[in-house]
Amino acid sequence: MKAFKWLFIGLLTVVSLFPFYVMVMMSTYYSEDIFKQLPLLPSSYVFNNLETVFKTNFLKVYANSLIVSLASVLLGVFTSTLIGYAIAKFHFKLRRILTYFIIITMMVPAQVGLIGYIIEMRHMGFGNTLMPVILTWSAWSFGAFFMIQFIRDTVPSEIIECARIDGASEPGILFRIVLQLIKPGISTLSTLVFLWSWNNYLLPLVTINNSKWFTLPVFISTLGIVHRTDYGARMAALCIATLPVLLIFLLGSRTFIKGLTAGAVKG
């Protein structure tokens, strides 16, 4: 039974990693040779594809994506934590209605408000910059809902009351006590924001027209020359773009899983 379990896990791992392996192999081929057969063995064109990638402003675009993702993590996690703590641990009028409002906004597709958001950003002077891609995380309904549930089930109200009796200020309680207890939730939310921001394609596509401010998904979709799409170079760029995502999962996989499950278990 144990051998069958490990065999099943190994098979599932191979199936999951096979598309990534094919992507790496495709990055070593000349673009037109990719479609002749399924590339399972490496070719000798990898350095030409890398040269094609780095001849462009790839490093600038890579830096843009890092700036956007890191700023999105700071903004999204900070606002979601404040909202979650306020609704989960403070009693005020319309608190339940506010919670329902957050849940309802989670049901609305983001594309519905896209045009209005673009117009708003242009009126604020943020058109054709990285700001619209970052500021969208300041009102992240899923993050707020996640932190409401996580803080409600993870942070005992008795600890907060004891801190208040001892004379601790509200900001002190939040930063010195609550944040220490919800580190797994913050880590999980940070990972999700980074991944979704890093892979975001639609919003940068419609808000950024200047190639100077492109992020990686938009840049890779335009990689090539006028009359030829260089799929080999695109695969090489995708391999490089995947490295931060793999690094985050390798370093934070345990904390990520713990954060997903901790808020779902009471007691």
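This is a predicted model: local features need pLDDT of at least 70, side-chain atom pairs count only at pLDDT 80 or more; totals for chains, interfaces and linings use all residues.
I count two rings of Phe, Tyr or Trp (its six-membered ring) as a pair if their centres lie within 6.5 Å. One aromatic cluster is formed by Phe-54, Phe-58, Tyr-62, Phe-194, Trp-198 and Phe-219. My search of the whole structure gave 14 aromatic pairs.

I then took one of these pairs, Tyr-85 with Phe-90. I noted 5.3 Å between the centres and 90° between the planes, so the pair is edge-to-face, the angle being over 60 degrees. I next asked how Tyr-85 and Phe-90 stand in accessibility: buried or partly exposed? Tyr-85 has 5% relative accessibility and is buried, because the cut-off is under 20%. Phe-90 has a relative accessible area of 26%, so I list Phe-90 as partly exposed. I also found the charged end of Arg-164 over the ring of Phe-90, 5.2 Å from the ring centre.

Next entry: the nonpolar cores. The largest one holds 45 residues, and Phe-58 and Ile-182 touch the most other members. I traced its helices: at least two residues each come from α3 (58-89), α6 (131-135), α7 (141-154), α8 (157-165), α9 (170-181), α10 (183-198), α12 (216-221) and α13 (231-262). The most come from α3, which gives eight. I looked up Ile-182 separately, leaving aside neighbours within four places in sequence, and found contacts with Thr-81, Met-147, Phe-150, Ile-151 and Val-155.

Conventions: Residues are numbered from 1 along each chain as its sequence is written. Side-chain values use heavy atoms; hydrogens and water are left out. A nonpolar core is a set of buried Ala, Val, Leu, Ile, Met, Phe, Trp, Tyr and Cys residues joined through side-chain atoms within 4.5 Å. Buried means under 20% relative accessible area, exposed over 50%, partly exposed in between (1.4 Å probe, protein chains only). Helices (H or I, at least four residues) and strands (E, at least two) are DSSP runs, numbered from the N terminus. Contact means heavy atoms within 4.5 Å. Rings of Phe, Tyr and Trp (its six-membered ring) pair if their centres lie within 6.5 Å; planes under 30 degrees apart count as stacked, over 60 as edge-to-face and the rest as tilted. A charge sits over a ring if NZ of Lys or CZ of Arg is within 6 Å of the ring centre and within 35 degrees of the ring normal.
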